[in-house]
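Visitor: I am new to this structure. Please show me how to read it, feature by feature.

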Amino acid sequence: MEITVLTASKSYPIYIKPNGLAELPQVIQKNNFTNLLIITDVTVGRLHLDTLQSALPENVDYSVYTVPSGEKAKQMSVYESCLTFALEQGLDRKSCIIAFGGGAVGDLAGFVAATYMRGISFIQVPTTILAHDSAVGGKTAINHPLGKNMIGAFHQPEAVIYHTDFIKTLPDHEVRSGFAEAVKHALIADPDLLNMLMDEIKDLHEMTDEQLTHVLQRGMEIKANIVSIDEKESGLRAVLNLGHTLGHVIESSLGYGKTTHGEAVMAGIVYALHVSKEVLGLSFPISRFEEWVKGLGYRLEIPPDLSFEDAYKGMQRDKKTIAKRPRFVLLEAVGRPVLKEVEENALEHAYEMMKDGSEK
């Protein structure tokens, strides 16, 4: 399966198949890179680095830099150490970085590529379900203690190569993390996909290869369509942030890495549904949705010590916020997202309802 992403700055292919790495040599040879730097994390490196190395063309020079797993990779100190290693290895403007891992490695390696010598090429080789969302669209970033993804750049890859066999080794929490973004895509753009997910997926362990491939493909198509219209999030692309406004606050309040990105986003999605009902009169079975996602293993609690006041300050730091007035991605209906400034009292009411765990 191949999808093409068309943006104002670049067009590039996404390959999705069990042996996706078979596409890597032709991408490398077509671009005639001088050398490669593979940035991976300790977990993915241990499990899969051999597989990636065996897929590389024989005549290519490459080096490997290993970073911590998860959100710990997205720190300023790790970013600086990657740049130092790239300089020590003699990477030039015709070199290429391969981001080999989940969403965190993709964000970090992409930002290294975006800023090294003012920007060099990179290839996304995602190894998680979550990365079906983050690997597409050219958003790269690292975290700051005051907010997630606050330091970054838009930098499109040369290709996204999705070797879906890697997904079979994912732990439960990583499967849940990635599936949350698939649910997000369905809510904002594909009512039929949402119905299929809620009707057919009752246990994430029992997804067939066909179901998983369909979910990944549709998610990437939805993301690619939106990115092609709005590459740098001046308008439409913001709808991809459904659930992220509170989700990012939950992540940073717990400490990055204490919960997965997708699990925090799923709680944020439920919150956004409550806000949508409050503000837009959304007609949607929120209780049924909550029961479904809880049945898949998601915990939808807001951290007990996260007061609304602190959450609101965090939401004000969100990148969609203008003049300290939080803007939320809300739903008028499934498949009809809107970006809307929301009054503080409406946000507080929905917050308390979710903390109570009851739909009023």
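Guide: Let us begin with a pair of helices. This is a predicted model. In it, helix 6 passes helix 10 in a left-handed crossing.

Visitor: How are two packed helices described?

Guide: Two values do the work: the angle between the axes and the distance between the axes. Here helix 6 and helix 10 pack at about 40°, and their axes are 7 Å apart. Angles under 35 degrees would count as roughly parallel. Helix 6 is therefore oblique to helix 10.

Visitor: Which residues in helix 6 meet helix 10?

Guide: Among them are His173, Arg176, Ser177, Ala180 and Glu181. On the helix 10 side, the residues include His261, Gly262, Glu263 and Val265. By class, this contact has six nonpolar, four polar and four charged residues.

Visitor: Where does helix 10 meet helix 9?

Guide: Helix 9 covers residues 244-254, and helix 10 covers residues 261-280. His244, Leu246, Gly247, His248, Ile250 and Glu251 in helix 9 touch helix 10 at His261, Ala264, Val265, Ala267, Gly268 and Tyr271.

Visitor: At what angle do the axes of helix 9 and helix 10 cross?

Guide: At roughly 135°, and the axes come within 7 Å. The two helices are therefore oblique to each other. Their crossing is right-handed.

Visitor: What about helix 6 and helix 8: at what angle do they pack?

Guide: Helix 6 (residues 172-189) and helix 8 (residues 209-229) pack at about 55°. Their axes are 9 Å apart. That angle makes helix 6 oblique to helix 8. The crossing is left-handed. Ala182, His185, Ile188 and Ala189 in helix 6 meet Val215, Gly219, Ile222, Lys223 and Ile226 in helix 8. By class, there are six nonpolar, two polar and one charged residues in the contact.

Visitor: In which sense do strand 5 and strand 6 pair, parallel or antiparallel?

Guide: Parallel, over six bridges. Strand 5 covers residues 96-101, and strand 6 covers residues 121-126. Ala99 has Gln124 in strand 6 as its bridge partner.

Visitor: And how many bridges join strand 10 to strand 11?

Guide: Six bridges join strand 10 (residues 327-333) to strand 11 (residues 336-341). These strands run antiparallel. Phe328 stands opposite Lys340 in strand 11. The two strands form a hairpin, with two residues between them. Gly335 in the turn has a positive phi of about 90°.

Visitor: Let us step back. How many helices and strands does the chain have?

Guide: The chain has 13 helices and 11 strands. The C-alpha trace spans about 65 × 40 × 35 Å along its principal axes.

Note on methods
Residues numbered from 1 in each chain as written. Predicted model: local features only at pLDDT ≥ 70, side-chain atom pairs only at ≥ 80, totals over all residues. Heavy atoms only, no water. Axes fitted to C-alpha atoms, helices over the stretch in contact; angles between N-to-C directions. Helix = DSSP H or I, 4+ residues; strand = E, 2+ residues; numbered from the N terminus. Parallel < 35°, antiparallel > 145°, perpendicular 65-115°, else oblique. Left-handed = near helix turned anticlockwise from the far one by under 90°. Contact = heavy atoms within 4.5 Å. Pairing = 2+ DSSP bridges. Nonpolar A, V, L, I, M, F, W, Y, C, P; charged D, E, K, R; others polar.
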